[in-house]
Amino acid sequence: MHSFKRCAKSGCSSLCFQDSETCLAHHPDPAAAMAAVQALMAQEKGCKDLSASGAAFEGLDFTRRKYIGCSFVGASFRNVLFTGCTFLLCFFDRASFEACDFSGSNVQFGSFGGASIGNVSFESSELIHCNFDGARINESTFNGSNLYDSRFILGDVRSCDLENCDLKRVYFIPAKEAEVSFKGSNTMETIQDLEHLYI
Amino acid sequence: MKIYQHYSLYGFSNVYLVGNDQTGEALVIDPAEMNASILGHIEKNGYDLKAVFVTHNHPHHVRGLKTMLKIYDASVYAANAQVAGFPCTPLRDGDVIETCGFSVEVYSVPGHSPDSLVFRIDGALFTGDALHAGLIGKTLSSYNALTLADRLKARILDQADEFIILPGHGPPSTVGTERRYNVGLEPGYAERTSSRYDFFV
């Protein structure tokens, strides 16, 4: 699992960045720290236990990599390819994604709580036991994906397609919802109100 | 710390194996079942299973205990002195158990059940049915729901935003996300929902 060590800078409560005693903001050489993290992520085998909270990624290709137990809390991703990637027990809470591709990915037991997701493709993916609570999701597609046991609670979902998806045991109770298409998906098996909770 | 999550179809519960590669020891939280997959993870990593922690004594969180204790000589920790017929070390709020090279902090969070506990190991909070992603545990009364919400706010959600929540059911979360986006912690939730539950597990 990623490290939970706190930044050594007094008054800072952020988590330490990878192989560092401080968070990225207080790192003496943030560019070098980011380059090291990108190199770890780009390894063909992927990586485990990465601490990349607050990192910024742009224009990168991590296609078909595997990530386990990593933290990307508060990170930003712009034009990043995660096509065909595997993510197990990874955390993207409060991260922002813009024009990214997760199509054909396998995300199990992941958290995107409070994330900002715009123009992102999750098409034909396994998104099992994933937490999208509080996420603001715009202009994105989940078509053809398996979202078993995932949650969309108190979020804001607009102009999104969840067509031909497996939505069994999905909690879909966003605070705001507009122009969301569920064509061909088993919405009868979702939980869409607080009267029918199964846990 | 290495965490392996297993999804049990019995009660749709999460079983967690927490391993320490330095000591070669491991513990299990909520043994909903014991099957070849969990056994394989323990053996593949060469772990010596030393302890089993139970967040609360509901069948779909402890059904695998009997099989687990047939294979491994593990100590069992729970709020009660006995779980599924096996003697336990009773835990109380504020206890800290040193095992497998970990410090396991114990928080009493009654509401879903009187014996509900949350365990913290480093920055990982194993919340059982007290707290799930976006929801709090089911309760039998609005009083219990309010008690649970108050207790969660005071003891669990006062922790660091980045600490991770690993619940007894459903996906993981973080403390920061639950503090902001949990319907069970919203004003009026308990009064609105408790009397309308149609199913209790």
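Here are some notes on this predicted model of chains A and B.

1. **Overall confidence.** Let's start with the scores, as this is a prediction. The model comes with ipTM 0.95 and pTM 0.95. Chain B has a mean pLDDT of 94, and 96% of its residues reach 70 or more. The stretch to watch is residues 197-201 of chain B, where pLDDT stays under 50.

2. **Chain A, overall make-up.** DSSP gives chain A one helix and 14 strands. Its radius of gyration is 17 Å, close to the 16 Å that the globule rule gives for 199 residues, so chain A is as compact as a globular protein of that length. Along the principal axes, the C-alpha atoms of chain A fill a box of roughly 50 × 35 × 25 Å. As for burial, 52% of the 199 residues in chain A are buried.

3. **Contact order in chain A.** Take the contacts in chain A with a separation of 6 or more: residues 24 or more positions apart account for 7% of them. One pair to look at is Lys176(A) and Leu154(A), which sit 22 residues apart along the chain, with their C-alpha atoms separated by 7.5 Å.

4. **The parallel sheet of chain A.** Seven strands of chain A make an open sheet with parallel pairing, in the order E2-E4-E6-E8-E10-E12-E14. Strand E2 (56-58) and E14 are the edge strands, each pairing on one side only. From one strand to the next the twist averages 10°. In general, strands of a sheet pair through backbone hydrogen bonds, either parallel or antiparallel.

5. Strand E10 (residues 136-138) and strand E12 (residues 156-161) of chain A pair in the parallel sense over three bridges. Within this pairing, Ile137(A) stands opposite Val157(A) in E12(A).

6. Is Lys176(A) buried or exposed? Lys176(A) belongs to strand E14 (residues 176-181) of chain A. There are 10 other C-beta atoms within 10 Å of Lys176(A), so it counts as exposed; the cut-off for that label is 12 or fewer.

7. **The A-B interface, seen from A.** In the model, 32 residues of chain A are in contact with 33 residues of chain B. On the chain A side, the elements giving two or more residues are strand E7 (106-111), strand E9 (126-131) and strand E11 (151-153). The largest share, three residues, comes from E9(A). By residue type, the side of chain A that touches chain B divides into 15 nonpolar, 11 polar and six charged.

8. **Chain B, overall make-up.** Chain B has six helices and 16 strands. Its radius of gyration of 16 Å is close to the 17 Å that the globule rule gives for 201 residues, so chain B too is as compact as a globular protein of that length. The box for the C-alpha atoms of chain B is roughly 50 × 35 × 30 Å along the principal axes, and 53% of the 201 residues count as buried. For chain B, residues 24 or more positions apart account for 54% of the contacts with a separation of 6 or more.

9. **Strand E2 of chain B.** Strand E2 (residues 13-20) of chain B is mostly covered, with eight of its eight residues buried. Ser13(B), Val15(B), Leu17(B) and Gly19(B) point one way from E2(B), while Asn14(B), Tyr16(B), Val18(B) and Asn20(B) point the other way, and all are buried. The general rule is that side chains in a regular strand alternate between the two faces of the sheet.

10. **What flanks E2(B).** Strand E1 (residues 2-8) of chain B runs antiparallel to E2(B), joined by seven bridges, and Ile3(B) has Val18(B) as its bridge partner. E1(B) and E2(B) form a hairpin with four residues between them, and Gly11(B) in the turn has a positive phi of about 80°. Strand E3 (residues 25-29) of chain B is also antiparallel to E2(B), this time over five bridges. Here the bridge partner of Val18(B) is Leu27(B). E2(B) and E3(B) form a hairpin too, again with four residues between the strands, and Gly24(B) in that turn has a positive phi of about 75°.

Methods
Residues numbered from 1 in each chain as written. Chains lettered and ligands numbered in written order. Rg over C-alpha atoms; globule rule 2.2 N^0.38 Å. Buried ≥ 20, exposed ≤ 12 C-beta atoms within 10 Å, placed from the backbone. Contact = placed C-beta atoms within 7 Å. Nonpolar A, V, L, I, M, F, W, Y, C, P; charged D, E, K, R; others polar. pLDDT = per-residue confidence, 0-100. Pairing = 2+ DSSP bridges. Axes fitted to C-alpha atoms, helices over the stretch in contact; angles between N-to-C directions.
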